[in-house]
Amino acid sequence: MEKAFSIVTPSYNQGDFVGETIKSVMAQDYPGVEHIVVDNCSTDRTNDILKKYPHLDLVCEPDQGQSDAVNKGFKKASGDIIGWLNADDLYLPGCFKAVSDFFVANPSCDLVYGNYRLIDVTGKVLSYRQELSFDLFMLKYLHVLYIPSTTTFFRRRVIEEGNFLDTQYHYAMDYEFFLRLALKGYKFHHIPKFLADFRTHADSKTQKQTLAPKQEMEKALLQHDPYLRRFNGIGRAGMRGALMAAARLERYMLKFFNGAYFYSEK
């Protein structure tokens, strides 16, 4: 039994990459896929490129940031499975089939995420990132988000039950979203396959800002973790540091013993 996909792509001035992103969705050659692109009135050549693909469900209007744009796409999504692919990232061949097969085999699963490759502006592979099975402790306290949104897919019921990105977040919206869903009891699972490419380049948000994402992650953690809120000042900083160190150690040890640091393309 095959599932239909809805892919949501927020877009703003990514004319150098958005064409490749669209082609990576089309290359899945999977039936029943809708690709929703929400563009914030791009001023580069993005619109000229988008017009080349009439199959797109295209929204071109001002928005209040990336979270708002993604939410617009989520609200339009009609597929059984929803994915969020930024306008400079790519899906790898066979991604949709792997995700669909996993959901069919695991009906209680709500969200899945997979491994990814880190690529540069030219598409050259810089590294292979193998992830771990879901762990709430690591999700909460790790210094980075280890669930890559580029490889994450979830059932439409997650949206139908009123779960959207919090628009007050502009960098850690994915972290806050996943943390909130996990605490609500939604079931996460890891697919041990490479599903997507995450592109790093000088104009990406994560390259332009390094402090803001960390600050937003801390804000989201405090919003959802009553344990940390019991502490103040130095006490909170000390406890946060200890929990972060424990989460890092757990991650490094698990990745080491699972061979995640020794992957090479075959």
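Apart from neighbours within four places in sequence, valine 70 is in contact with Val8, Pro10, Trp84 and Leu165. The model described here is predicted. Valine 70 lies in helix H3, which covers residues 66–76. Its relative accessibility is 0%, and valine 70 therefore counts as buried.

The crossing of the two helices, H7 and H9, is right-handed. On the H7 side, the contact is made by Met173, Tyr175, Glu176, Leu179, Arg180 and Leu183, which meet Glu216, Met217, Ala220, Leu221, Gln223 and His224 in H9. By class, the residues of this contact comprise 7 nonpolar, 2 polar and 3 charged.

The length of H7 agrees with expectation: its 12 residues should span 16 Å at 1.5 Å a residue, and the C-alpha atoms at its ends are 17 Å apart. H7 is mostly covered, with 10 of its 12 residues buried. Among the buried residues of H7 are Asp174, Phe177, Phe178, Leu181 and Ala182. Met173, Tyr175, Glu176, Leu179 and Arg180 are also buried, and these residues of H7 take part in the contact with H9. Just after H7, glycine 185 adopts a positive phi of about 100°.

Key. Residues are numbered from 1 along each chain as its sequence is written. This is a predicted model: local features need pLDDT of at least 70, side-chain atom pairs count only at pLDDT 80 or more; totals for chains, interfaces and linings use all residues. Side-chain values use heavy atoms; hydrogens and water are left out. A crossing is left-handed if the near helix is turned anticlockwise from the far one by less than a right angle, and right-handed if clockwise. Helices (H or I, at least four residues) and strands (E, at least two) are DSSP runs, numbered from the N terminus. Contact means heavy atoms within 4.5 Å. Ala, Val, Leu, Ile, Met, Phe, Trp, Tyr, Cys and Pro count as nonpolar, Asp, Glu, Lys and Arg as charged, and the others, Gly among them, as polar. The expected span of a helix is 1.5 Å times one less than its number of residues. Buried means under 20% relative accessible area, exposed over 50%, partly exposed in between (1.4 Å probe, protein chains only).
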